[in-house]
Structures are given as C-alpha cells and as structure tokens.
Amino acid sequence: MPLHVVWAALWGCAQPHTYAPGHTRSGTLVEIPHSDYLVAANTDDGSVSLVNPLTGHVTETPLGPEPTRVTAAAGRVWASLRLEGQVAMLELEGDELVERARAWVGSEPFGIVASATGDRVYVALSQDDAVLELQGDTLEPLRRFEMHGEPRWLALHPDGSDLAVGLVNSESLRVVRLESGGVKYLRYTHDDTAPPLRLTGDLAFTPDGATLLTPLAELTAPRGPTIMAYYAPPAATPVVQGRLGAFGTLPGDTERDTVMVTAHYINHVYSDPEEDWIYVAQEGLGSVTALGAEVRPIFTGGGPSGMAVDAQGGRWAHLAHDRTIRRLGARPDDIQLTEPSTDPVWERGRELFYAANNPRMSQGAVSCAGCHADGRSDNHTWELITGRWQTPSLAGNVDATPPVTWAQEVGSIAEEAVATTTGPMGGAGLDDDDLEALVSFVRSVRLPNPPTVHVSAETLALGEQVFHRPDVGCFECHPAPAYTDNRSHHMFGIRGVTTPSLRGVAATAPYLHDGRADTLREVLERSAHGEMGNPEHLTDEERDALIAWLRTL
C-alpha cells in the first residue's frame, strides 16, 4: 500500500492542530514557549546554546559533560546531564540562560520533559530503570516510577495527563497516568509472527494529543525475521528498517499502526505544530524525511538529532555532529552553535561509525550504530547462520580485552572492523586513515555508569566476598581489573565462547552468548555443575549480595 494511503487512514480524523511547545517532548533541540528562542544541547562539548533563529544570535552556557536532552517551559530550561547523573535548571534572562539549580537524580538521566507551567519535571533514569518526578524550581524528587528495561525517551501529553516512556530493552511502551500514578503497557504490535520491533529514538505526541508517534526499527534479513552479522556472507546484508508507530490516545488506547519510512533507523520524530507534517531524523543517513501527503527526503548531513519550529514558523534541524542548526527549505540557512572541542580524528571515526550511506562502510543502509547504539549494545539476540548470538557491547575499550567477539579469535577492533565492514556489511573497505579514525572512536566509548546502589555496604562486601570464593568460581574466569581472562571456553555445548568483561554488566542484558538469560539472577540459575562456576549452593542472601555487587562494576 502506498505510504500516503496509509497516512490518510491514520490522520484523516485528526482535529485542527494547536501549538505544542517544547515542554511536551524531549530532544536535543526544543522551543522555549512564548519567546523567539530555541535551545540546543551540545552533548559532545558540555554546554547548551540559546539561539535566536530570527537574528542568528547564539549564547552558549557551559554545563559540564554530556548534556543529553533539553526541555523548556515558563521561561525555564531543564537539561539532563547523563555522565554526572544530574539535572540542571536554567532561566531565560534577556538573551542568555542562567543556571539556577542543579541536583543529582540517579544513574544516566536521559529524556526530560516538563509540565506547561514548569512546576513538574520528569526525567528518565536509564540505568536505574526508573522515571523520576521533580519539583520544577527546586528539583526536589516527588515521585518515582519503576520500569525495567532501560527507560530513555519521554513525551508528555499536551494536556499533562499522561507521560509516555520509551525503553531500550522492551517490546512495549509505558504510559504513566500522572493523576493516579498507574502505569499502562502498550505493545508495539500484537502480531507474534511479525518481525521484532524496537524503539530507536525520541517520541512525540501530535499537537492535538490524539496520537503518540514512536520511531521503531524492524530488523529483517533475506532469511526472515533475523539480522545477519559477523560471519554471514555479503548477500545476507542486514536490513534495519525504520518504521513510524502511531498509537491512538483516545479512551481504550487500542488503535495502532506502523508506516514504513526508511531503510535505516529513526532517532527522532517531530510533529509539526502548524501543518499536518511529521518530520523524522535519520542520523545514519544524514537526512530528515518530511511525511504528509507525500514523502520528502531532505539531505542535511551532520547527524540530525532533533527538530524545532521558530516563532515565525521556520523549521529547524539540529545537526549535532556539525554543531549547527539548519533551517529547512528551498534556501537552507545554518547557524553555528559552538566550536567542536573534540579531536578531528575522533570526529571522523564517529561519522564513519554512524554512517549508513558510505559505500566504504556498507551497502544497503547498514551502520555500526544500527546494532551498537551509542557504541554500546542494542540489547538484542539475533538468529544468525552460526546460531543465536547476543550483540556484544563495545563500551570500555574492548581492544584491551581481546578477543573482541563472542566466537573466533578476532584480536582487535581494527581486525573486526575490516572483517565486518567488508564482509556482512558489504562495504568497499576503509583506507588506513579512516580505519584509524574508526578505531579511535570505538576505543573512546565509555562504560555505562552503574545503577544507583540501594543496598548496604555490608551487602556489597558480602557480594564481593562471594565473587572471590574458590568454591563459587566466578573469579577464575573473570579476574580483576578487567573481569575477564581474555580466553575462550567450551560451555553450553558451544566450542570457543569468549569470556566477556563484567565491567558495565548491569547494562548488557540479556546475558550469555545466546541471550538465554534475561537477568543476572537467571545467569546464576543456569550456571550449574561447574560448567560456568558453581553458584548452585549459594543461599538467597548470598545470591542477592553477589548480584548487587556485580551491578556496581
């Protein structure tokens, strides 16, 4: 069915649009309501930029490492600081932003939205499996909503009633009814025979609140609902197909549909407040696609990561890799937000890592980031021609803990990059400079921050003691400081499975080479009779302590 026919079916009954300001959504670029300003997060450079797109004036405010998402309401801006585990609140004064409050909130805050009046702020604590409600001015915590699966992306209903939460490792959305505090699950599809879908970026409600838009990835390959990687032949190139999911928000929440948008994943969706257009950003393709009565691909380059509309109706894309915002249209304008503070070699490596349209890297709209989001893992297990394999994380300089794949003796990132880009990804091959740049970027990917500790020091001490006990056997294959012996072992009927590092293990579920264990507790339950340690004789207290300690690594 042509796209515009499906689109009409989804949008034919929509009510007239009303302006939906930046507080309802989370992004790297948002509008400050009732002003001429936009605000952008300069994640790589530790600042936010206040932009008047009508004059081109920019004021930069330093915040510290990794401002990840911003939101704005009532003359205030809130930013999530992912590395530091903080939220900062700034106020608009003249043509600059002044920081007024800052608070530690938890491990790796990501998405952030605010109520229209700015009295409430909601932030996703991605490594704590929770969403926190804060007082808007003081940032004091008010309520906490637990939800397993790494919550990242948020969108607030325009009337303030519902908070939509997107999770990395889940087949469903969560919707928090803010008045009651209840949480509703919305599955992406009810068709169990369909290819799996996963969420890939920022959510958005339509301005009238009738529909919640979700960027989803459908992962398929020529052999069916699988993705072929590592040792698949070039003919079985993975296909990461971007879909736009639409959930009805009227009573019942039963209407849903998905529309194929692109051959690569979507990292941001924006619903235009003035016209019946939806914009989706694809950082890997360097493009923004406008969806309405027709499909309009707009090449931007620069890693588009967000969208906003200025006070005069100009549509702007945030090109995070280039540190610019670009006005979309027949005569595009660019405004520089900040100067890069990173090494040019690293910048080139990041460009290659995310590129899905560089023939040296791949063919068929494939990128490294398609399976290694943020350079980490997509938390999925794939049915490959060599069996079931879980996507390994690339965080923490995996060059220091070879082999760098689950199987085979691949000794370095460079060796694996050459094998994968010219093999299953189908690329023509990198020259020495580009290979050096790609390796430089991958080596720089930091480990996830561990979850916030909610147990006593005595419990953690017991867990560490259990880990090092000879009769339990964990330490034998996972010695400090890297917590791997850098060797391959025969286990679970597989010959030559590489011992993974346990650093950052809390963020890498599902576990084991084939993803058979959803939790660390299941790992211990499946490790029996000395095949992988001897934890079967541990007491419940010892198991709980061991798991708690492992999550701090």
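Strands E24 (residues 287–291) and E25 run antiparallel and are joined by 5 bridges; two strands count as paired if DSSP finds at least two bridges between them. Strands (E, at least two residues) and helices (H or I, at least four) are DSSP runs numbered from the N terminus. The model is predicted: local features need pLDDT of at least 70 and side-chain atom pairs count only at pLDDT 80 or more, while totals for chains, interfaces and linings use all residues. Residues are numbered from 1 along each chain as its sequence is written, and side-chain values use heavy atoms, with hydrogens and water left out.

**The four-stranded sheet**

- Strands E24 and E25 belong to an open sheet of 4 strands, ordered E22-E23-E24-E25 with antiparallel pairing.
- Strands E22 (268–271) and E25 (295–299) stand at the edges with a single partner strand each, so one side of each has no neighbour in the sheet.
- On average, neighbouring strands of this sheet are turned by 20° against each other, direction ignored; the axes are lines fitted to C-alpha atoms.
- Alanine 290 has arginine 296 of E25 opposite.

**Helix H3**

- In helix H3 (residues 413–422), the buried residues are Ile413, Glu416, Ala417, Thr420 and Thr421; buried means under 20% relative accessible area, exposed over 50%, and partly exposed in between (1.4 Å probe, protein chains only).
- Viewed down the axis of H3, these buried residues fall within an arc of 115°, so they line one face of the helix; the arc is that of the directions from the helix axis to the C-beta atoms.
- Helix H4 (432–444) is the element against which the buried residues of H3 pack.

**Glutamine 86**

- Glutamine 86 lies in strand E7 (residues 86–93) and is buried, at a relative accessible area of 19%.
- Its side chain makes a polar contact of 2.9 Å with that of arginine 102; such a contact is a pair of N or O atoms within 3.5 Å, where, within protein, one must be able to donate a hydrogen and the other to accept it, and residues adjacent in sequence count only if both atoms are side-chain atoms.
- Beyond four places in sequence, the contacts of glutamine 86 (heavy atoms within 4.5 Å) include Ala79, Trp104 and Pro109.

**Glutamine 336**

- Glutamine 336, in strand E29 (residues 333–336), is partly exposed at 38% relative accessibility.
- The side chain of glutamine 336 reaches the backbone oxygen of aspartate 322 at 3.5 Å, and a polar atom of that side chain lies 3.4 Å from the backbone oxygen of arginine 323.

Conventions: Axes are lines fitted to C-alpha atoms, for helices over the stretch in contact, and angles run from 0 to 180 degrees between N-to-C directions.
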